[in-house]
Amino acid sequence: MKLLKMLPFLSTALVGLAWFGAPAHAYALQDDEAEAEDEEAEDEDESDAWYAIVGGDVYTGTGAVLRGATVLSKNGKIKEIGHDLFLPEGTEKLDARGMRVYPGLVALSASSRLTKGLFQAEPEPDFDPHLGVDNLHPDGRANAHLDTGNEEYDEVADIPTDADVLVEGQLLRQEIADSFDPFSQYLVLALSTGITTAEQSDTPVKLKRDEIKDVDMGPKNVYSLNFSLSNPNSRRQTREKLEKASDYLRRMKAWEAEGDKDKKEPSKKGVDMNYVRVLRGEVFAAFNANDREELLDIAHLAQRYRFRPVINGCMEGWTVASELGRAGAYAIVTPRTRSPKSEELVRPGGSSIENAAILHSHGVQVAVIPGNTSFELNGMTGRDLLHLPVEAGFAIRGGLDERAALDSITTIPARILGVDHRVGTLEAGKDMDAIITDGDLLHYQTFVQYTVVDGKLVYDKEEEIFFAHIRPRPELPALDPGEEPGEAEAVVDEEAPADEDAEEEAPPESEDDDEGEGADDQGAGEDDDGRL
Amino acid sequence: MVRPTRFLQLVLACLAPAASAQAPGAAGGPGLALRTSKALICAPDADARQVQDHAWITVKDGKIEAVTSVHDGGPPEGYEVLDVGSNWVMPGIVELHCHEGGTYDINDLVYLANPGLRANSAVINRNDRLLRGLAAGVTTVLFIPGSGANIGGAGVLFKTGPKRYEEALVREAGSLKLAQWGNPESWTIGVGMSFENWNTRNTFRRGLAYAKRWDDFEAGRGPEPRFDPQWQLFRRIATGEVPISTHTQVYQVVLMTITMIKIELGLNVFLDHSTIGGWLAGGLAQEYGVPAIVGPRSVDPATRGMIEWARNGHEGFRGVAAGYQEMGLEQIGFNTDSPVLPQEGLPLQAAMGVRYGFRDDRLQAVRGLTVVPAMTAGVADRIGSLTPGADADMIVISGHPADPRSHVELSFIDGERSYEPDVEGRIY
């Protein structure tokens, strides 16, 4: 029986016939058969966690929209998205009929309260953990100048420097895993908004609930450079370091081309390896810049040294969008930024509601963050992390298309954090981080009904105190978990005579038909992205 | 690109400045007929027709003439036609709690009660902040004194677009600002709520006595009183023409506002802010006809401190507008308390109201931005709706005004174009 159920999988692996009549326990064949079969054997493992979001309109974030489709995951990774999927026995099902399924949102620059909980004080916006003191000690410890002579005390009192964090790659990550509060109410609020990945102290963090395993998604992906007009000294240093790093890479390339192992490797003396990593494309160079002249300078710098800048703020970006586009820039913008242009200037300037749209139309990759990247709990709503999709809505107001607006809070921030291979869209192989909403994500009235992280349900609107009382979710006729999917659907057909349900839960059709349907759906999805 | 007709208008405007005063729809000019896919009429009577799909809106001499279905025939002969396509047309949005109408020196903290102070001396017409509001559809604001003192003075009701004060003015005494709880009790050494309530009663009684002396004199029942600018406003408050806009919040204080100002003193009053559990008094507000203009808070959030303060026993994010609605109050509007929230954020206040549970099945959100505040301020005959005879303050908008994704394409004030993004650039 079990084997019969496996048939759809097997047929896709083109080994269905070979398997027919094979021993009941697939893992018995593990050693003898081809690799594909190996995989099938794995599928049989009783300890595998299968999770399926069933029957929703799936907005994959790649452009495709599949109506009434199923997203199936295994052990937290998406296995398959489509219609009439075979769901292995024991698959946990989430009924998403009549709702929409989107990838989990990715929040840049999010408040550290989110993972550190209620008792973590909000740091001052300009707080510098090094207290404005550069490394004075040859060992690179930031506050070595405060040494008391008591080694034990000095070690405890030490603060890791940026360089420690980046080069060692461990210090800060260790800290996040240690300080992550998986029971934080702020975490639940983030999940209620649909945020499943957040930037915490420059590193990507998976918002897991009730567990801390694998919350740390990797090292920091950006290195901050200062190229501010108000700080000529930093500008000079940045340029010098880039020049030296560029020179080092040239010498390195020549040395490698020569292939003479006896010859000494080029010297790293005076070379800041962080800049080398920027030039190698291993990390992004991040800037804080709003002023048009600064943005132009950054664009020119990026083109000269061939790196991709991530520009936070980018308020006057709309006035130099083509230069930023040519430099391959990323921009992190807040569409509602409100700053009039200086009256002394004749040229265009100041903030513009059209900023995101203009940048996007020139090829800049635009990510959106709200004006307040924490949680506003004083009663004023609509401009904090709880309303991240609303902020993307304001980008649409300025002319950004709806698809790019969804990207601006999912896949583009994921790229900036270096985790777009795992999150940001719904695709086979990526993490099963999905949100189920009761309508268009970018509509102000829409609530997230469920949030799934790594194939586990971590938020259910009806089960939390925050929003359950607002427009309670109507009950759907049950998707019978005990039945085969086909049979369950048949039951639903009988119980829910409504046209929509009948259409969604139509009995399985042949594969060819399905593909045709999928293509139609995509077309419809494009239309849908227009406006509502 | 400048379309030929617009270009011609610009040329005409350059050649003869007087020509702009004769623009179609404006006072003295030919009629203007807007064709729209949806006209949100927002009639004061909630049971009257609120929406006309595929409509002609005719405007003459700065006033709305009629809103009719396109199926009932075209506009009158000689009217300039403007087809706004799929855009909607609605009345200009009305803000009843604005501090961005001019300079910010609107808190006189020498005395606890300043009924003679007037915000109109601080107005800067069509300033940058108002212009951003206009770009979001806000055409009228009630610019009021701050809540630093118990009685802050008179607000002024004026339109955001016109450059001259006289053209912009709707009513010079828009409201008298009263502040209960939340700021004035901290005045100098902190007078506390008991003294505040005594002071409010005392001031109002003296003011009403002044009004009565003048009424008696005019009716030939008494001697001529001495003119006193500090109390003069009470003559118009006593008739109900000028409402009391009350900074009030927390259930008990909202109760005090209703019982003292409305029930005891019998004055025209509305609840301003009225958040932090104030909605629990919504039933009483409905019984006595006291509207609530809620904001800038739109929810009582789920924090322990807020729950204990609000005493509303609710651990979720409780929508304020939704709460009043649930208690049966019909007249519910929205405010921003700009610059606490920016002036252009007013439509979003309605969106947040709806998000957190306010029913919008009978255009309540749009009414709460337009005709409800207009009725509350006692000027619904002039602004807040597209009813015949009202000022032609209209906005052409790409969708539902509460939706952040909708943007204003064009604004009219008194039938004249007041914000034209395709000429002056998008502001918001």
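The model is predicted. It scores ipTM 0.92 and pTM 0.83. Chain B has a mean pLDDT of 92. Its contact with chain A takes 31 residues from chain B and 24 residues from chain A.

**Confidence**
- In chain B, 93% of the residues reach a pLDDT of 70 or more.
- Where pLDDT is low, predicted coordinates should not be read in detail.

**Fold of chain B**
- Chain B holds 13 helices and 18 strands.
- The radius of gyration of chain B is 22 Å, and the globule rule gives 22 Å for 428 residues, so chain B is as compact as a globular protein of that length.
- The C-alpha trace of chain B spans about 65 × 55 × 35 Å along its principal axes.
- Of the 428 residues in chain B, 56% count as buried.
- Among contacts in chain B with a separation of 6 or more, 67% join residues 24 or more positions apart.

**Where chain B meets chain A**
- The contact draws 31 residues from chain B and 24 residues from chain A.
- On the chain B side, strand 13 (299-300) and helix 10 (346-355) each supply at least two residues.
- Helix 10 of chain B gives the most to that side, with five residues.
- The chain B side that touches chain A divides into 15 nonpolar, eight polar and eight charged residues.

**Nonpolar core**
- The largest nonpolar core has 239 residues.
- I311(A) and A331(A) have the most contacts inside this core.
- Leaving aside neighbours within four places in sequence, A331(A) is in contact with I311(A), C314(A), G317(A), L324(A), L359(A), V364(A) and V366(A).

**A buried loop residue: Q343(B)**
- Q343(B) sits in the loop between strand 15 (332-334) and helix 10 of chain B.
- Q343(B) counts as buried because it has 27 C-beta neighbours inside 10 Å, and the cut-off is 20 or more.
- Not counting residues up to four places away in sequence, Q343(B) touches residues including E95(B), C98(B), E100(B), R129(B) and R132(B).
- T336(B) and S338(B) are also among the residues that Q343(B) touches.
- Q343(B) and G102(B) are 241 residues apart along the chain, and their C-alpha atoms are separated by 13 Å.

Key
Residues are numbered from 1 along each chain as its sequence is written. Chains are lettered from A and ligands numbered from 1 in the order in which they are written. This is a predicted model: local features need pLDDT of at least 70, side-chain atom pairs count only at pLDDT 80 or more; totals for chains, interfaces and linings use all residues. A nonpolar core is a set of buried Ala, Val, Leu, Ile, Met, Phe, Trp, Tyr and Cys residues joined through C-beta atoms within 7 Å. A residue is buried if 20 or more other C-beta atoms lie within 10 Å of its own, exposed if 12 or fewer, and partly exposed in between; C-beta atoms are placed from the backbone. Two residues are in contact if their C-beta atoms, placed from the backbone, lie within 7 Å. Helices (H or I, at least four residues) and strands (E, at least two) are DSSP runs, numbered from the N terminus. Ala, Val, Leu, Ile, Met, Phe, Trp, Tyr, Cys and Pro count as nonpolar, Asp, Glu, Lys and Arg as charged, and the others, Gly among them, as polar. pLDDT is the predictor's confidence in each residue, from 0 to 100. The radius of gyration is taken over C-alpha atoms; the globule rule is 2.2 Å times the number of residues to the power 0.38.
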